[in-house]
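Visitor: I would like a close look at one part of this model, the place where two chains meet. Please take it in one connected account.

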There are 2 protein chains.
Amino acid sequence: MTNLENMGALAKSAARTLRIEDSSVKTEALELIASALLQKKADILTANALDVEAAKGSLSPSMIDRLSLSEERIESMADAVIAVSKWPDPVGQVLEERVLPNGLHVQKTSVPLGVCGIIFEARPNVTSDCAALCIKAGNACILRGGKEAFHSNMAITGVMRDALSSTALPADCIQLVEDTSRESAAEMMALTEYLDVLIPRGGAGLIRSVVDNAKVPVIETGVGNCHIYVDRAADISMALDIVFNAKTSRPSVCNAAEKLLVHKEIAAVFLPAMAEKLAEKDVELRADESACRLLPHAKAASEGDWSREYLDYIMGVKIVNSIDDAIDHIERYSSHHSDCIVTSDQAAADRFLASVDSAAVYHNASTRFTDGGELGLGAEIGISTQKLHARGPMGVNQLVSYKYVISGSGQIR
Amino acid sequence: MTNLENMGALAKSAARTLRIEDSSVKTEALELIASALLQKKADILTANALDVEAAKGSLSPSMIDRLSLSEERIESMADAVIAVSKWPDPVGQVLEERVLPNGLHVQKTSVPLGVCGIIFEARPNVTSDCAALCIKAGNACILRGGKEAFHSNMAITGVMRDALSSTALPADCIQLVEDTSRESAAEMMALTEYLDVLIPRGGAGLIRSVVDNAKVPVIETGVGNCHIYVDRAADISMALDIVFNAKTSRPSVCNAAEKLLVHKEIAAVFLPAMAEKLAEKDVELRADESACRLLPHAKAASEGDWSREYLDYIMGVKIVNSIDDAIDHIERYSSHHSDCIVTSDQAAADRFLASVDSAAVYHNASTRFTDGGELGLGAEIGISTQKLHARGPMGVNQLVSYKYVISGSGQIR
């Protein structure tokens with residue numbers, strides 16, 4: 001047995017205990033984990049300092065910021081665990097129930113997925129978030145964080161496992177892969193005997209690699225090439241606010257807008273005003289030929305721009321001839337994460353909302369709301385951009401499966 | 001563009017039309033397909049005769065039987081299409097709805113998956129079943145049947161496409177891959193740009209190959225290494241009937257029982273009687289050492305037997321020391337399709353039903369009921385043995401995804 005197979009076997013065994021435990025045991029375990037994170041703040045910060053020190057020189061300032069913990073950030077991690085603990089238990093819900101003419105009693109009941117593998121990058125808070133969501137949904141987890149956060153992740157999982165050891169749940173409900181080499185990621189992707197699902201959390205490169213190579217079922221998350229289409233019947237002032245918010249309130253996240261499509265009949269009025277507002281935040285515009293004529297400071301967009309997720313103060317701009325052109329463009333280039341129409345024409349809105357096939361489709365609101373917390377769905381383990389199993393924000397309710405429980409009195413067929 | 005990429009693009013375009021069509025259009029299209037199958041019976045039989053003739057000598061009699069169509073079998077195919085047409089439309093259902101404190105109106109609404117790829121083997125009725133289920137759920141499909149059924153599948157898809165041409169739906173909602181080489185299957189598994197899901201229907205080898213190699217999200221179907229555990233508190237007569245039915249009523253299907261686990265306290269009474277009954281159908285028993293002592297005609301089971309799906313008149317038999325031993329054995333060797341306990345002890349039943357992690361878990365009934373039709377779930381495209389997206393029988397209700405439709409009045413974050 002390799003080390004990972006051994007972890008898989010331990011996780012599978014822990015999952016067997018976890019799946020039949022009462023809600024109260026899981027809730028109490030999460031409360032203990034939250035307290036332990038607070039109590040062991042100093043140890044976690046010491047470990048984190050090692051990572052941050054090692055990262056200086058090799059990582060960008062924004063990556064170092066993502067990696068860095070503080071007392072306040074650890075308190076937020078503990079708060080997030082408590083919030084998850086308070087969510088209703090998603091396991092054991094009877095989703096459908098019927099008695100067949102032959103007397104068989106059939107219940108479709110929610111059950112945990114089993115063992116979740118999560119591959120993520122350099123944000124240490126992901127470690128406690130994912131572990132808490134998995135435990136709440138009755139799943140064991142095998143976490144593999146980036147090497148940049150190695151000491152932090154070891155400290156955080158150590159604290160969580162210690163907390164579990166004083167509960168009825170096995171410590172092996174939470175395990176961290178210590179080997180952060182490419183080989184360990186590759187082995188994890190092939191661990192079909194032990195993992196029920198693999199969730200990559202991170203940049204487009206990581207996600208593509210997992211989707212292309214994994215034999216374990218994957219939930220594809222996160223890439224957001226999000227569009228806002230400003231219709232000819234848009235309220236100009238509303239459109240200015242929505243685009244400005246969706247582009248600039250937090251450009252590094254997946255629900256930030258990356259592309260602006262504008263109906264040709266409104267472009268001459270709207271685009272110069274929009275450019276002026278975006279200039280407040282030094283947003284670089286990359287525009288198609290006709291938009292460039294209205295935007296003297298814009299660069300010319302290349303074909304590659306239309307499918308790119310910038311995650312930066314950059315926005316692609318295109319003038320379209322009609323709502324159908326906008327829908328066609330989105331169909332072709334969107335990552336189908338979040339796409340929006342701004343219009344006062346309800347028929348146009350209905351057409352857009354029905355035709356655009358994305359995880360979240362918006363009418364007159366910022367794409368930044370595609371977030372489990374914002375939508376009232378609880379904390380999320382990621383935002384799914386695929387169509388199987390779960391789409392959009394994935395919280396505890398999406399970390400379960402179901403089974404049919406069938407009771408009879410000797411029925412045969 | 002390769003031929004398959006071209007088919008993918010046509011399917012994607014057809015799916016865009018299909019996803020916004022009314023229920024009535026889909027229902028009418030399915031009715032026309034059913035009539036066309038009946039009207040063109042003679043053409044389909046002529047094509048089928050070519051396949052059957054070519055198969056003589058190379059395929060086994062049971063495979064030739066699966067391949068062969070008759071007037072009656074074509075009538076059953078048409079009936080199945082009509083049954084699917086009458087099912088409630090699974091698309092456009094509002095699954096959840098809420099108004100957030102900021103006034104955003106959020107609807108979680110069911111939508112089609114998009115384009116389904118289906119790879120199957122030599123049963124031509126699968127062609128019309130899968131196409132009907134996909135259309136009902138608003139999905140375009142790309143079908144790839146086995147080369148043995150090539151002429152039959154060409155004829156059946158030709159008839160269905162002709163029928164669609166007199167409706168508002170594009171004929172390209174249904175396409176057949178004419179190239180039945182291994183290369184075309186491999187290309188299909190990598191067609192991530194066009195396929196939203198790939199469903200293999202067939203033997204264990206086909207399914208393993210798709211799960212291991214596909215980059216497109218897969219739903220794993222079908223392998224059934226199903227267990228019946230006869231508890232010490234079992235009603236002997238009921239246990240005899242259930243095991244006999246589950247093993248012998250149709251041994252070639254995935255919900256047939258393959259393994260019999262018997263509590264040691266009841267084995268001496270139950271096993272000889274069971275063996276006598278199974279001998280009526282010449283069932284070969286492969287037993288562990290202690291069961292062999294009670295079963296003079298049994299062969300010794302090898303370790304490999306415990307995980308095998310026989311699909312034949314063969315049954316593995318093992319004596320266990322306790323219900324926990326039975327649960328452990330099932331955890332280790334079951335394909336987690338359908339597993340059953342026979343007992344009059346409700347506490348034992350509850351323990352088994354909660355602990356065994358299979359798509360269907362039974363108390364006092366034959367495993368043969370794991371079937372969409374039998375469970376009142378409608379026709380099925382396959383029986384999922386994985387935990388993501390759908391588990392157990394997958395009908396039209398499992399061929400959909402959902403999206404969040406969010407309407408506002410200028411909300412920003």
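How many residues does the contact take from chain A and from chain B?

Guide: This is a predicted model, in which local features need pLDDT of at least 70, side-chain atom pairs count only at pLDDT 80 or more, and totals for chains, interfaces and linings use all residues. Residues are numbered from 1 along each chain as its sequence is written, chains are lettered from A and ligands numbered from 1 in the order in which they are written, and side-chain values use heavy atoms, with hydrogens and water left out.

The contact (heavy atoms within 4.5 Å) takes 76 residues from chain A and 77 residues from chain B. Between them the two chains bury about 6400 Å², 51% of it on carbon and sulfur atoms; buried area is the accessible area (1.4 Å probe) lost on putting two parts together, summed over both. Of the area that chain A buries against chain B, 13% comes from L388(A), Y404(A) and R413(A), more than from any other three residues.

R413(A) also forms a salt bridge with E374(B), with the closest N and O atoms 3.2 Å apart. A salt bridge here is a side-chain nitrogen of Lys or Arg within 4 Å of a carboxyl oxygen of Asp or Glu, and the count between chain A and chain B is 12.

On the side of chain A that touches chain B, strand β16 (residues 400-411) gives the most, with 11 residues; strands are DSSP runs of E, at least two residues, numbered from the N terminus. β16(A) pairs in the parallel sense with strand β13 (residues 360-365) of chain B over five bridges, where pairing requires at least two DSSP bridges. Within this pairing, S407(A) has H363(B) as its bridge partner in β13(B).

Key: Helix = DSSP H or I, 4+ residues; strand = E, 2+ residues; numbered from the N terminus.
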